Amino acid sequence: MRKLTSDQARRLALGAQGFTRPRPQGRVDIRHFRKVLDTIGLLQLDSVNVLERAHYVPMFSRLGPYDRAALDRWTTSSGELFEYWGHVASLLPTPLYPNFRWRMVGHAADPWRSIRRLIEERPGYVDDVMDQVTERGALTVGDIDDAGQRGSQMWDWQPGKHALEWLFACGRLTAYRNKNFTRVYDLPERVIPEEVLDAEPPDKIEAFRLLLLDAGRHLGVGTAADLGDYHRLHMPTARKVIKKLASQGALEEVTVDGWDKPAFLHPEAVLPRRAGGTALLNPFDPLIFHRDRVERLFGFFYRIEIYVPKPQREYGYYVLPFLLDGELVARVDLKADRQSGALLVQGSYLENGEDESRVAPALAAELGELASWLGLNDIVVKHNGDLAARLSSAFG
């Protein structure tokens, strides 16, 4: 069995995620978006907007400044992406749509509790919501007749939202986002290309095989847990499929120094000559969204603290790791204060053993580019963290 060093594993991961390629010079266009999506395989969606919506930032991390309106047009109207439960809510390449039909069938066969209750208490209501979309065209929950009232808790949706979400999960509806990040629901045949909808879907095991190979291509090398997490697959089933893929030579089982579990190398993985990549990474970037993998690859302990009470947070509310020449060397808690036109660096922290005289100028340059892309004219570095003073001085 081949043995990889930890440095080789890190280089493979960075290469598979597109960080060993230089950012493009000149105007970024749809060709660059396609290349990034082909490289990382999905854009995770998240409603938190303290800095910028989650799906915009991985493109910036790999491409530098680009026109977000152009990305919106591509993601919503090109037919090249669709939204579904991949790595949680995600934008995915449309050719993958048939590979998720098993998940849709599963939701249809086993409705979650709130839907079962809704069907019991209001017979015909879900079908009525489906009929409204069919007859009236694309709708948000606010467009639904008799959508009902929300409960008192954050996730207490109104009945109309429960119905739409279940129809979406079942594949009877699909969805895309409007300019306010609200889901717009429509019939799949009005959004998904005909040839994709008509394609014969693979059975569940074959879909797992295809999705795990897809994950392997985007990871380069990873454990079974890494591969399964990419599309949030049922791990006992995924492990059996991975074992078969390895026995067939579709994945190569390897060991990695410092990893206590076997790893699997994708046959298309290319080992870059050196580690590379400099970027701020939002918490939902595919390079780092599996936290255990981040610790194995980079020796970087990272947890998002959005849901941690403020007095108990170690680093801050919305913390982005900073990748410098292929290493995670610092982290910053960022907020876009749109009213004042400032990027707020709420806290800045250097990783143990890193040289602040090297990190601070590089981080300042990246923050400057980020602020400009977001249309913010000022950068305010607050006095929190062991890198704050040096970072502040780097801005003059």
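**Stop 1: a strand with two neighbours**

Select β13 and strand β14 (residues 378-381): the two pair in the parallel sense over four bridges. Strands count as paired here if DSSP finds at least two bridges between them. The element names come from DSSP too: helices are runs of H or I with at least four residues, strands are runs of E with at least two, and both are numbered from the N terminus. Before you go on, note that this is a predicted model, in which local features need pLDDT of at least 70 and side-chain atom pairs count only at pLDDT 80 or more, while totals for chains, interfaces and linings use all residues. Residues are numbered from 1 along each chain as its sequence is written, and side-chain values use heavy atoms, with hydrogens and water left out.

Now pick out L344, and you'll find V380 of β14 standing opposite.

Next, select strand β12 (residues 327-337), which is joined to β13 by eight bridges and runs antiparallel to it. Click L334 and look for its bridge partner in β13, V345. Four residues sit between the strands of this hairpin, and G341 there takes a positive phi near 75°.

**Stop 2: a four-stranded sheet**

Move on to β1, β8, β9 and β7. They form an open sheet in the order β1-β8-β9-β7, with mixed pairing. At the edges are β1 (2-4) and β7 (221-222), each pairing on one side only. Zoom in on β1 and strand β8 (residues 252-256): they run parallel and are joined by three bridges. R2 is a handy landmark, standing opposite V254 in β8.

**Stop 3: a pocket**

Select H55, Y56, D72, N178 and K179. Of the 22 residues that line the second largest pocket, these lie nearest its centre. Pockets are found on a 1 Å grid over the protein atoms alone: a pocket is an open set of points with protein on both sides within 12 Å along at least five of seven lines, whereas a cavity is a set where a 1.4 Å probe fits but cannot get out; lining residues have an atom within 4 Å of a point.

This pocket has a volume of about 340 Å³. Here, grid points are joined across faces, edges and corners, and the volume is the space filled by probe spheres set on the points.

Which element gives the largest share of the lining? That's α4, with four residues. Colour the lining by type and you'll get nine nonpolar, six polar and seven charged residues. (Ala, Val, Leu, Ile, Met, Phe, Trp, Tyr, Cys and Pro count as nonpolar, Asp, Glu, Lys and Arg as charged, and the others, Gly among them, as polar.)

**Stop 4: two positive phi angles**

Go to F181, in the loop between β5 and β6 (183-186). F181 is not a glycine, yet it has a positive phi of about 70°. This residue is buried, with a relative accessible area of 12%.

Then jump to R232, in the loop between α11 (224-230) and α12 (235-247). Its phi is also positive, near 50°, but R232 is partly exposed at 40% relative accessibility.

**Stop 5: salt bridges**

How many salt bridges does a search of the whole structure find? There are 31, each with a side-chain nitrogen of Lys or Arg within 4 Å of a carboxyl oxygen of Asp or Glu.

Start with R34 and E80, whose side chains meet at 2.8 Å, N to O. R34 lies in helix α2 (residues 30-40) and E80 in the loop between α4 and β3 (81-86), so this pair ties together parts that are 46 residues apart in sequence.

Now show D146 and R122, with their closest N and O atoms 2.5 Å apart. For R358 and E354, that distance is 3.8 Å.

Finish by selecting E83, K161, E165, R177 and R183, which are linked in a network of salt bridges.

Methods: Buried < 20%, exposed > 50% of the residue type's maximum accessible area, 1.4 Å probe, protein only.
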